[in-house]
Amino acid sequence: MSEPKQSPSIEQRFLPRDRESFFDAQRRNRRATWKLSVLCVLAAVVMGIPLALIVTPLLYAVTLIAADVINLFSPLPSSFWQQANEVARFGFVAVQWLLEHQPADPQSLAIGATVMLLPGTVLSIVLWLGMNILFRHGGVGGALLALKAREPNQSDLKELQLADTVQEMAIAAGLPAPRVMLIDTPGANAAAIGTSPEDARVLVSRRLVDDLSRDELEGVLAHLIASVGNGDLRIAFRVAAIFETCGLLVTVINSPFGSLSRRTLWRIIRYGLGGSRMEGGAQEAAVVADILSRGVALDTDDIDRMFDTTGKKSLFRSIRNFILFPIFFTNAAIKLSLWFFSLAVLGPSISLLLRTRRYLADASAVQLTRNPDGLASALQKLSEDDTVIPGGNWASHLFIVSLGRGKSGNSSGPNPRQQELLAKAWAASGNTMQSSDASQASEPGFATALREFTAVQRAALSGDAQALERLRAARSALEGLDPSLAAQMPDPADLLGARHGDRAAIARLRAIHGQQSAGGSLPAEEDPSSGASSNSFLDSHPSLRRRLKRLDRMGAHAELAAADRKMWIVAAIFSLIMAPFVIAAVALLLLLIAVMTMASLTFLVVWLAFIHKAFTFFGHR
Amino acid sequence: MRISPELIGIVAGVILLIWVISAFNALVAMRTRVQNAWAQIDVQLKRRHDLIPNLVEAVRGYMQHERSTLEAVTQARAQAMAAAGASVQKRSAVESILSGALGNFLAIAEKYPQLRAVESVVLLQEQLTSTENRIAYARQFYNDEVMKYNTMQSTFPRNLFAGLLGFSQTAMFTLQDADRQNVQVKV
């Protein structure tokens with residue numbers, strides 16, 4: 001059936017386009033989900049191999065030391081030591097085959113590989129399952145408290161309409177209606193939060209309710225409820241558990257070095273033993289999950305402090321450093337390989353998976369509303385809007401649109417007048433501290449003041465009392481000049497309290513940080529965002545163009561901007577040029593990881609042999 | 001172990017039996033969901049019945065010239081509630097008449113701008129609109145489930161024995177002719 005060619009606009013409006021029904025779109029996306037899940041599992045395996053290679057020797061070391069200690073008190077049967085020798089022999093065969101290409105028969109090679117890889121793998125899986133169980137009941141409540149969510153106001157017409165629309169969409173989907181919570185922020189965004197369809201809540205910002213028409217709001221809510229019904233919450237939860245497991249490994253390996261890691265570990269244990277029944281348990285879970293998810297970032301504060309040569313020297317510290325040196329290598333190897341693999345291998349796979357789920361939710365939303373135009377125009381409106389939700393970074397992959405930078409430029413920092421005030425307050429505090437210097441005629445500029453401030457803040461966080469005093473003096477000086485500006489600066493005592501785990505302090509800090517991102521003017525401290533989308537170089541939200549194109553195929557009348565061909569060509573050429581460098585860099589990193597793994601193994605073995613000899617020597621005495 | 005034809009036949013028979021049982025369970029589960037979806041429509045219809053008296057009372061003072069419209073609504077509601085146990089066709093007929101009467105009423109209420117200032121009326125109207133939406137979505141969900149159920153029954157190989165096991169095609173909820181009449185707005 002050939003139609004005469006007509007101009008594209010008429011064709012678009014009157015003749016049927018090649019459409020894809022939303023059922024087909026859903027089927028396609030569900031199949032893609034399976035394929036991507038396999039990819040993610042493969043990525044996890046790839047990431048797991050070097051990790052297991054590093055962790056397993058550590059496990060053996062711990063076991064051996066424990067055995068030695070027990071042996072001191074009651075000698076273990078000789079069969080145990082024979083078994084240990086066998087295991088070690090197999091391990092050596094495998095390592096030698098790898099490094100020096102010494103021939104080995106396949107069977108002992110297989111056993112050797114198992115010996116080297118299995119304990120670490122089993123430990124990781126057990127930890128991941130543990131994370132799943134641990135945080136199943138936590139999560140939702142605490143996070144909402146941090147975001148200052150509230151119930152909808154039944155006497156306000158728009159909020160009543162919102163609650164009604166959620167009920168309508170839940171009926172259309174055949175699900176129990178999730179509770180709706182509102183947050184009052186300048187950003188317009190919405191998310192579905194929770195761990196299961198019974199537990200789910202829909203979080204909507206008041207600005208979104210104001211900006212969108214009823215049809216568009218319906219589309220957005222249909223997307224969120226459809227994603228709940230499709231089981232996306234469970235997927236997101238499992239994904240978060242993966243990153244938390246990595247964080248837990250890092251925390252455990254850090255604990256000999258840093259008090260912060262030890263405290264975090266203690267909090268996790270305490271929460272695990274009975275925290276979900278604790279008062280404020282849900283908030284505690286959210287805080288712990290947040291800390292763990294951040295753990296994958298390269299954070300060397302603890303180690304720096306430990307090996308700080310300018311600090312107090314003592315014989316005890318030197319001995320401790322010497323003894324723990326091999327673990328330092330293991331620590332570095334684990335962190336480096338975790339960071340690299342989660343950024344380049346696991347992260348992108350998970351982002352692709354989340355994107356496919358988002359397309360699926362879009363198609364399901366069309367099924368629920370039978371109105372693709374609503375969702376399409378809502379997405380377009382949101383793309384031009386400010387979508388920052390302060391404090392929501394931990395769940396950025398759950399929101400319907402990515403959390404962009406605020407369009408109103410609120411996060412760009414203090415304006416010139418405020419800079420002057422800040423610099424003046426800082427100078428004043430400096431003068432009160434160093435009473436020997438006379439009041440300096442020239443005030444330091446804002447840039448220098450900011451540098452000094454950051455350094456002093458860091459010192460205060462490590463417990464320097466003088467730095468703490470300086471911060472307090474600066475704050476009171478600022479209060480004298482401009483009280484509203486001072487209210488936006490966090491109280492130094494709160495900073496210290498937050499480090500120690502004071503929940504009230506953390507809540508206060510979060511509130512201030514929320515104000516800063518929303519409309520404050522103090523330079524917000526670098527908030528390393530956690531959550532799935534920060535741990536990879538691919539965003540977990542598909543671009544607006546792609547979503548609109550798919551909605552268009554399902555029947556929306558979205559106006560797509562013409563593809564920028566020039567940009568594509570430039571980008572293609574650029575990536576062709578950069579490709580060899582990127583490949584070289586990746587190869588170097590892999591080599592570095594391999595070297596560190598081997599070094600950690602070597603150090604560990606030598607160290608272990610030394611300790612074992614020491615124990616047997618003392619045992620025979 | 002020698003593999004004799006009888007053994008293969010027995011194993012195949014067992015596998016077939018297991019498959020038939022699982023298909024039967026799937027069909028039963030689907031049928032129950034269809035019934036549940038139908039019951040959901042009932043819930044929303046009842047909600048509408050409960051909301052109407054409040055709304056009529058709230059606007060009676062303001063819309064004294066529209067007594068016939070209000071009477072039509074109240075009467076249609078009484079009829080719908082009376083037909084609670086009747087057949088599906090009768091019930092969808094009277095509910096459609098009620099939808100028509102309500103549509104008339106809401107269209108006419110637009111002529112009274114002073115109603116917009118009365119908060120209780122605005123909220124009640126919103127609830128009524130939402131209830132109409134809910135009925136529509138409940139019907140849509142019911143139709144979607146019926147589609148899945150019918151497809152499940154008619155695809156090969158289930159179609160071979162679905163009729164034998166007592167499953168039948170279910171009718172979808174279609175618009176009655178009363179619903180399709182244009183809304184009469186008396187000017």
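The dialogue below takes up the core and then the interface.

Modeller: This is a predicted model, in which local features need pLDDT of at least 70, side-chain atom pairs count only at pLDDT 80 or more, and totals for chains, interfaces and linings use all residues. Residues are numbered from 1 along each chain as its sequence is written, chains are lettered from A and ligands numbered from 1 in the order in which they are written, and side-chain values use heavy atoms, with hydrogens and water left out.

Colleague: Which residues touch the most other members of the largest nonpolar core?

Modeller: A nonpolar core is a set of buried Ala, Val, Leu, Ile, Met, Phe, Trp, Tyr and Cys residues joined through side-chain atoms within 4.5 Å, where buried means under 20% relative accessible area (1.4 Å probe, protein chains only). Here the largest has 59 residues, and those touching the most other members are Leu162(A), Val204(A), Leu208(A), Val220(A), Leu221(A) and Leu551(A). A second, separate core has 35 residues, among them Met47(A) and Leu338(A).

Colleague: How many residues does each chain bring to the contact between chain B and chain A?

Modeller: Contact means heavy atoms within 4.5 Å. Chain A brings 20 residues and chain B brings 14. By class, the side of chain B has six nonpolar, four polar and four charged residues.

Colleague: How many salt bridges does the rule find across this interface?

Modeller: A salt bridge is a side-chain nitrogen of Lys or Arg within 4 Å of a carboxyl oxygen of Asp or Glu. The rule finds three between chain B and chain A; Arg370(A) and Asp144(B) form a salt bridge at 3.0 Å, N to O.

Terms used: Buried means under 20% relative accessible area, exposed over 50%, partly exposed in between (1.4 Å probe, protein chains only). Ala, Val, Leu, Ile, Met, Phe, Trp, Tyr, Cys and Pro count as nonpolar, Asp, Glu, Lys and Arg as charged, and the others, Gly among them, as polar.
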